[in-house]
Amino acid sequence: MREELLEQLEEWHEEDEFEAIVDAITEIPEEERDYVLTSHLGRALNNLERYEEAVEQFLSVAKEGQEDPLWHYRIGLAYYYLEQYENAREAFETADRLEPGDEDTLEFLEWIRSKTEEQEHEAAVSAVDAPTGQASIPADLDVTDFWDDGAEAADSYTMAPPTNDLVESIQEELVFKLPTAYIQMMKVHNGGIPRRRFFPIQSGDAADGRIEITGMLGIGREKKHSLCGEAGSRYMIENRGYPEIGVVLCLCPSESEAVMLDYRAAGNDGEPEVVRVDQRHPDKITRLAPNFQAFVQGLVQA
């Protein structure tokens, strides 16, 4: 039965019947789909130019795909057409390392080099006119290496990169303007489990002078641990006793703790500070960093 399905999927692919592939695979319960079926689904979504959905499918089997050049090529293609060129570059470079000399891979790498040069020029121009206080992701921050996609809980956080319309919609729902650096980071990798999960603080009530985070909420609604998801920022403020000071950004091992974006000093449209909140003592808030960028740069491994 399985071999017949795989043969049919390949036949549909040759005939450009990509919707048929998507329909056939999505009829199978998600927990019953293996790496091969998920790869077929991601490829079909790429061919239908549904790149955000394709990325989500590929990320769901990231652990199994690490030594497969086709996995890296296909997710690189999706990232490329989403204009996430740094992620695409790393994917295609890995594909080239695993299967050297593929002409399509090398062609994409050349296109990315050209696109990146254009972006660097535009960024240099924008930086001159950037509003005071607006953070931006530093060029040397390796965002891809920041995330642990193999972590067991990553699937409850990670989503496809948000569109500008989705960002605007989430900000309206939260009633806060999200930091520019955070939005840029989520457009590369939208939420997940960081590899560096500890932030040193000068506080006597933090074990070993540091706090630990278990995950960072992404921009969206569909995942449980996303800003407007089932257990997102509004839920934690309205149901878990967290103060109305801004947006819950990161979860912690203890259900009574969270890291939040604090807008009290900056206003709803300003650059928020990053703070630690213990909902058992909502009046005791520990300042961690002056902005999101500084918080990310301050995270360390155990």
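**Exercise 1.** Classify R113 as buried, partly exposed or exposed, then find its salt-bridge partner.

Solution. Step 1: the relative accessible area of R113 is 40%. Step 2: buried means under 20% relative accessible area, exposed over 50%, and partly exposed in between (1.4 Å probe, protein chains only). R113 is therefore partly exposed. Step 3: a salt bridge needs a side-chain nitrogen of Lys or Arg within 4 Å of a carboxyl oxygen of Asp or Glu. The side chain of R113 meets that of E110 in such a bridge, at 2.5 Å from N to O. Step 4: E110 is also at 40% relative accessibility and counts as partly exposed. Step 5: R113 and E110 are about one helical turn apart, because they lie three residues apart in helix α8 (residues 103-129). Helices here are DSSP runs of H or I with at least four residues, numbered from the N terminus.

The model is a predicted one, in which local features need pLDDT of at least 70 and side-chain atom pairs count only at pLDDT 80 or more, while totals for chains, interfaces and linings use all residues. Residues are numbered from 1 along each chain as its sequence is written, and side-chain values use heavy atoms, leaving out hydrogens and water.

**Exercise 2.** Describe the salt bridges that R89 forms with E86 and with E93.

Solution. Step 1: between R89 and E86 the N to O distance is 2.2 Å. Step 2: between R89 and E93 the closest N and O atoms are 2.6 Å apart. Step 3: R89 and E86 both belong to helix α7 (residues 85-98), with a spacing of three residues, about one turn. E93 and R89, also both in helix α7, are four residues apart, again about one turn. Step 4: partly exposed is the class of R89 at 26%, of E86 at 43% and of E93 at 39%. Step 5: by the salt-bridge rule, the count comes to 15.

**Exercise 3.** Which residues gather in the patch of negative charge on the surface, and where is E15 found?

Solution. Step 1: a patch takes residues with over 30% relative accessible area and no salt bridge, and joins like charges within 9 Å. Asp and Glu count as negative. Step 2: the patch gathers E3, E4, E7, E11, E14, E15, D16 and E17. Step 3: E15 sits in the loop between α1 (2-14) and α2 (18-26). Step 4: E15 has 45% relative accessibility, so it counts as partly exposed.

Definitions and conventions: Patch = residues over 30% accessible without salt bridge, like charges linked within 9 Å, V, L, I, M, F, W, Y side chains within 5 Å. Areas by Shrake-Rupley, 256 points an atom, 1.4 Å probe, with all protein chains shown as cover. Charge placed at Lys NZ, Arg CZ, Asp CG, Glu CD. Helix = DSSP H or I, 4+ residues; strand = E, 2+ residues; numbered from the N terminus.
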